Amino acid sequence: MSDGTQTTRALQLAEVERISILGSESIVCGFHLADYMWADIFANLAPASTYVLITDSNLAALYADTQREAFAAAWAHCRADAAAPRLLVHVLAPGETSKSRATKGAIEDWMLASKCTRDTLVVALGGGVIGDLVGFVAATFMRGVPFVQVPTSLLAMVDSSIGGKTAVDTPAGKNLIGSFWQPKRIFMDMAVLSTLPAREFSNGMAEVVKTAAIWAADEFDVLEAGAADIRAAVLEGQRGAGTAGLTIASRSPAQTLLLRVIAASARVKAHVVTHDERESGMRGLLNFGHTIGHAIEAVLSPQVLHGECVAVGCVLEAEVARRMGHLRPEAVARLARCLRAYGLPTTMDDPLLRARAGDARLAELRPQRLMDVMSVDKKTVGKQKRLVVLARLGKTLEMQPTNVEDALIAEVISTGVRVLPAPELSAAAAVVTPPGSKSISNRALLLAALGRGACRIRNLLHSDDTQVMLAALQAMGACDVAWEDDGATLVVTGNGGQLRRPDAELYLGNAGTAARFLTTAVNLVDACDGATVLTGNARMKQRPAGPLVDALRANGCDIEYCESEGSLPLRVAHTGRGLSGGHVQLAASVSSQYVSSILLCAPYARAPVRLELVGDKVISQPYIDMTIAMMAQFGCQVERVAANEYVIPTGAYANPAEYEVESDASSATYPLAFAAITGSTCTVPNIGSASLQGDARFAVDVLRPMGCTVKQTATSTTVTGPPRGQLRAL
């Protein structure tokens, strides 16, 4: 029986993290914030007679009822003695086309017709389109009314919702008509990211990576090393979780990581905005990647998203910094690799862009068209283009955008070069250090991870293959890693072969070397149950793995093919037996990487391994010799007891304090050959007679007989070409 009173439900007030901007802790981060949001608005912001919530039709279906219910519950708790104000909800069509002067006018006409007055508070519930548009409405309605941002996309949380930039698009470009109008609150509810599509996750991560690249080297390291965990935290960390995360105690590790990543990025932008609200200098740093990125977006939108264009812009603008002499090549490579790890394109002919926009649209990315778009960029002063120039990852050259010549920008964004006859070269000798060898880099990573202690690896090749290897080793707990010397040195601290079962399958893309080495290494996991799946892309699933799997099965390993017989994906069951050791027979006529895979892991077998290579002629013996030589550098002596038979003792690798990866000998042939044909002098400093690579003999065996002067030490090679026209044919 009712006594006529209405029961009011208890509020679910989240535990939040607040971030200061412009002197007020107005950025609020947490999970399941609806009740907290309205309670905070009613208690701490100026009273309003009308609250206007503007969202799009997709989000209205998900959250409008929740917001109405939370509004009523919070008012009943906070202001039960007063008449409830109005909550009006206005729903727009989703998409960038709504961000227009026409839509803005329609919203204002609706608000006027609804008798909204100056004591109205506007709430923007949505992504960047809603936030920019609704913020501009608030900035001009009745000459300015307060508004609150409730970003629902990762991109909006870390970028557009912070800082008070509001705008609409015009045919001339994006965000050209707008205003600065600071929101009274920004409520970042991480729980809403549970509905985020994977592509929108990548779209937002472009801004997260960008922010770390300009300001926070330590956060860049986290993003670089934790791509898989961060992806899982955003896309999977909320699903089916109810109100988990509402309190700190109820947060999962994935939710904690998610909050850390978003809050760290938001904190940087808040700091910059606080020191330069109107973008007179420092705030321009937040536009790293955006000058070129916005030009690409002007051509490819809406098929290609903002973050996808900015990712390409970041890499190209980093390349500008490299060509200006301010940024190391390793930093450009790390930035590109990190962006790719989050599913983002990194070049203007990237397959991802081609798939989104099509060949015809991609052909419109002509340098002159992009330069024309950049000429009306907001950072351009007169005719002077300005870019954010990196000095290293986590630091910019200046605390504002830097003047950059048009010719350099045009050169970087061009997809081709014109080769002209070389002028007479000076007598000054050139020193060229090519990128590290992929073969040596992958071996060094596995050896150092399996070894004990710290190993500082220099000249490591930055590529998808090495990133895959490093990520897989970290997923198995094989090592800890850190970067030094602005990314020139990777410190690998190995755990002595103590591997754990990874939390998810190991996705290896098309990294063939990593796939073959890890097929054996996964069997070293110290577990008596469960399994690890090794998989890759479609091309990887066509690559043969049968001879290696056969040899491992014969040695007691439990491996199953998940799809096609003889290829990845593989399911490796963890039985606690590991590698048995003893006599191992392996067919090595398909790939020497099978041999190296077993050699590298053999010291961790239960008994010494006697590896016999059987069948047809062994392929690529020099790469087997390379592996054995590198194992010796890490403290393991392999004995070759017959032409195709090796004995590997048990034990743990002892990591050298430092290890320099030789430059790729094949790549080194190009500058050396250039010296030969131009009569100039070139030195490659870390490839010599003691090289592990067969192509290191190119200078001695090919260029010297052609008339070049060759000086080769154990660790360097110098070539001086004869006067022009005197190079001899072989």
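Modeller: Let us begin with a definition: a residue is buried under 20% relative accessible area, exposed over 50%, and partly exposed in between, with a 1.4 Å probe and protein chains only. This is a predicted model, in which local features need pLDDT of at least 70 and side-chain atom pairs count only at pLDDT 80 or more, while totals for chains, interfaces and linings use all residues. Residues are numbered from 1 along each chain as its sequence is written, and side-chain values use heavy atoms, with hydrogens and water left out.

Biologist: Does Leu727 count as buried, partly exposed or exposed?

Modeller: Leu727 is found in the segment after β29 (717-720); strands (E, at least two residues) and helices (H or I, at least four) are DSSP runs numbered from the N terminus. With Phe674 and Ile677, Leu727 makes a nonpolar surface patch of about 270 Å². Such a patch joins nonpolar side chains (Val, Leu, Ile, Met, Phe, Trp, Tyr) within 5 Å, from residues with over 30% relative accessible area and no salt bridge. Because its relative accessibility is 31%, Leu727 counts as partly exposed.

Biologist: How far from Arg516 is the nearest side chain of opposite charge?

Modeller: Arg516 is found in helix α18 (residues 512-521). Not counting residues up to four places away in sequence, Arg516 touches several residues, including Arg543, Tyr594 and Ser597, where contact means heavy atoms within 4.5 Å. Arg516 is buried yet has no salt bridge, that is, a side-chain nitrogen of Lys or Arg within 4 Å of a carboxyl oxygen of Asp or Glu. The nearest side chain of opposite charge belongs to Asp465, at a distance of 9.3 Å.

Biologist: How many salt bridges does the count come to?

Modeller: Side chains of opposite charge can pair when their charged atoms come close. By the rule just stated, the salt bridges come to 32.

Biologist: How many residues apart are Arg267 and Glu17?

Modeller: Arg267 forms a salt bridge with Glu17, with the closest N and O atoms 2.3 Å apart. The pair links distant parts of the chain, Arg267 being in helix α9 (residues 253-275) and Glu17 in strand β1 (residues 17-21). Their separation is 250 residues.

Biologist: Which parts does the salt bridge between Glu219 and Arg260 tie together?

Modeller: The side chains of Glu219 and Arg260 meet at 2.8 Å, N to O. Glu219 is buried, with a relative accessible area of 15%, whereas Arg260 is partly exposed at 39%.

Terms used
Lys and Arg count as positive and Asp and Glu as negative; His and the chain ends are not counted. Patches are made of residues with over 30% relative accessible area and no salt bridge: like charges are joined within 9 Å, nonpolar side chains (Val, Leu, Ile, Met, Phe, Trp, Tyr) within 5 Å. Accessible areas come from the Shrake-Rupley method with a 1.4 Å probe; for residues, only the protein chains shown count as cover.
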